[in-house]
Structures are given as structure tokens and as C-alpha cells.
Amino acid sequence: MRHFADRLVGSVKKTGSPCVVGLDPRIDLMPAFIKSGRGAPTPDAVRSIIRDFHELVLDTIAGLASIVKPQLAFFEQYGSAGIQAFEDTVRSAHERGLLVIADGKRNDVDSTAEAYAMAYLGKKAFDVDAMTVTPYLGCDSMLPYVDACREYGKGIFIVLKTSNPGSRDYQDQALECTGRPLYEAIAQTIRDFGVDLIGESGYSSVGAVIGATFPEDAQRLRALLPQSIILVTGYGAQGASSEGAAACFNADGLGAIVNSSRAITYSFGNENVTKEKLVESVRENTLRMRDEIAATLNRLVARVG
């Protein structure tokens, strides 16, 4: 049962890619060849459509990316068939050597949080490698996830500074007791939770979700969390640049992973695309992302050096 951060850093080094491919099943956007011949949209048909589409994507990105991030809401919108498709996706990703982050931003009071942690980080249900959680119910609500990380060799990414414009409404608000933004107080909590879960790589299994759309904030948070892995959001369809994403990395070129979803999986043109063109589109988009981030990080490391 290897330490999550060590597994993640090892995978990033092996592939030379800090890229995370987001998996957001939207059947209406999938190619016609995936959907044809299925008949009525029964639960079995929905499950098989999502499964077959994701298996094509996973086959294409294996070796080009280290991690996939299924967004749970996109699976849940299809009911029980979507949940079964999520299980299929997790299994298929693991078979191809990819780490899986379940992106559901879960949390609740401590007893419910424990159930969430067991469902996703334990060994008897979904058994993903990591999950995203929200901190706004307080420290006691996050302890079950931290405990599960320790017990099962898993990881969590705590929502800190998100990529959407509305994140300023609450996350940027100054606390009366410190005069500093709420997200900085949460960053200290992430650091405190993570100190006992630092692996041989020098990184903790307790990470943070930070949007590349606010690079100055990201750079400040990177300095506050030198041993936390940052899950970078906002790159690609949400408009953040590779320079914004690079603000989340340490000077050694590690310490962050960058997600892109729609810009990789759904930018193939129209629904009449062929299987070959879909594979080509996913591959080219993943390589473009990998190479763009690598070039930006190389410039960053050269400046620091």
C-alpha cells in the first residue's frame, strides 16, 4: 500500500506529464458511432455508451497523462447507469495504469464524512486513488478523509481557491480575526493536516484544489503550501493559460497536476467524427497540453536556476 503522493509523483516522472484528463460524460456531445445501434436509451445502453467512449479515451491517453479525474455529477445525472459507468471507468483506468481522482467535492458532518471517505477511499466500494473534498464544515468534517488517507494509502484534494469568477464572493473574503482571505486560513489547515502524511517524495497526500485563472493568488498559495500537491483547475476550456498553471508548481517542476476536460475529450468537431479522428483529436489535445505545460515549466525552472 504505497503512499499516494509518492505514487503520483512517480507516475508524473515516469510519463513526463503532470496532465490530468477530466472525464465528464455527456452523451449528447459524444460521437454518433459510439451511440449508434444501441436502440432506446435504456440504463444498459447508457452505461455501455459511457463505458465505450471512456475506454477509447483511456486507451489513447495512457502513457501521455498520469491521472484521470471523473467528475461525479456528470455520471450521477444518468442515475444508477451512470454510477455503474463510473465503476467501469475507475476499473478501466486502473487497468491502464492511470491514477483516479473522484471529483465530487464531498463533505458533511463527521459521521457522514466518514461514510463518504469509506465509499471512495476505502477498499470495499469505489476504491479510487484520491477524491476532492470541501472544507467549509470545519476541521472535524475533514478528519475522516485524512484518516482514510493514512489507513489506505490514498489522497485528498481540499477545495481552496477555485477557478470560477464567483470564487471571490466567499473564498476571498477577509477574516475579521486575521484580516487575511478565508482561503489563506484554509491553506494553513491543509498544511497542518498534511504534515504527518508526507512521503519519500517530499509531498503530502493532503493536497489542494486551486484555479489557474487567478495566478497571483495561486503563486501566494504555492508558497504557503510547499509540500502539498495542487490540483490545478481552469486550464483549457475555462480559459486559464499554461503560465497561470505554472504558478502552482514548485521550482523543481513538481508539486502540481493540471486538469483539462472538455478541451481534450470533446473538441473533435461534430458528432459524425470517425473513430480514428476521435482518437487523433484526443491524442493531439493531450500532447499539446503536455508540451505546452512542459515548455512553460522549463522556462520557469531556467529563470529560477
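In this predicted model, Thr 134 is located in the loop that connects strand E4 (130-133) to helix H7 (139-152). Because its relative accessible area is 17%, Thr 134 counts as buried, the cut-off for this class being under 20%. When residues up to four places away in sequence are not counted, Thr 134 touches Lys 105, Arg 106, Asn 107, Met 142 and Val 159.

One of these partners, Lys 105, belongs to strand E3, which covers residues 99-106. The phi angle of Lys 105 is near 50°, which is a positive value in a residue other than glycine. With a relative accessible area of 35%, Lys 105 is partly exposed, whereas Thr 134, which it touches, is buried. A positive phi is also found at Asp 127, again a residue other than glycine, where the angle is near 55°. Asp 127 is placed in the loop between helix H6 (110-121) and strand E4, and its relative accessibility of 24% makes it partly exposed.

For Val 68, if its neighbours within four places in sequence are left aside, the residues in contact are Val 20, Val 21, Leu 23, Leu 58, Ile 61, Ala 93, Leu 98, Leu 99, Val 100 and Ile 101.

Empty space inside the protein was considered as well. Such space can be found by rolling a probe the size of a water molecule over the atoms. The count comes to one cavity of 30 Å³ or more, and the space in the largest cavity is about 50 Å³. Its lining is made up of Leu 8, Val 9, Val 12, Pro 18, Ile 229, Leu 254, Gly 255, Ala 256 and Ile 257. Helix H1 (4-15) and strand E8 (256-260) are the elements that give two or more residues to this lining, and the largest share, three residues, comes from H1. Sorted by class, the lining of the largest cavity holds eight nonpolar residues and one polar residue, with no charged residues.

Conventions:
Residues numbered from 1 in each chain as written. Predicted model: local features only at pLDDT ≥ 70, side-chain atom pairs only at ≥ 80, totals over all residues. Heavy atoms only, no water. Contact = heavy atoms within 4.5 Å. 1 Å grid on protein atoms, 1.4 Å probe; cavity = no way out; pocket = protein on both sides within 12 Å on 5 of 7 lines; lining within 4 Å. Points joined across faces, edges and corners; volume = space filled by probe spheres on them. Helix = DSSP H or I, 4+ residues; strand = E, 2+ residues; numbered from the N terminus. Nonpolar A, V, L, I, M, F, W, Y, C, P; charged D, E, K, R; others polar. Buried < 20%, exposed > 50% of the residue type's maximum accessible area, 1.4 Å probe, protein only.
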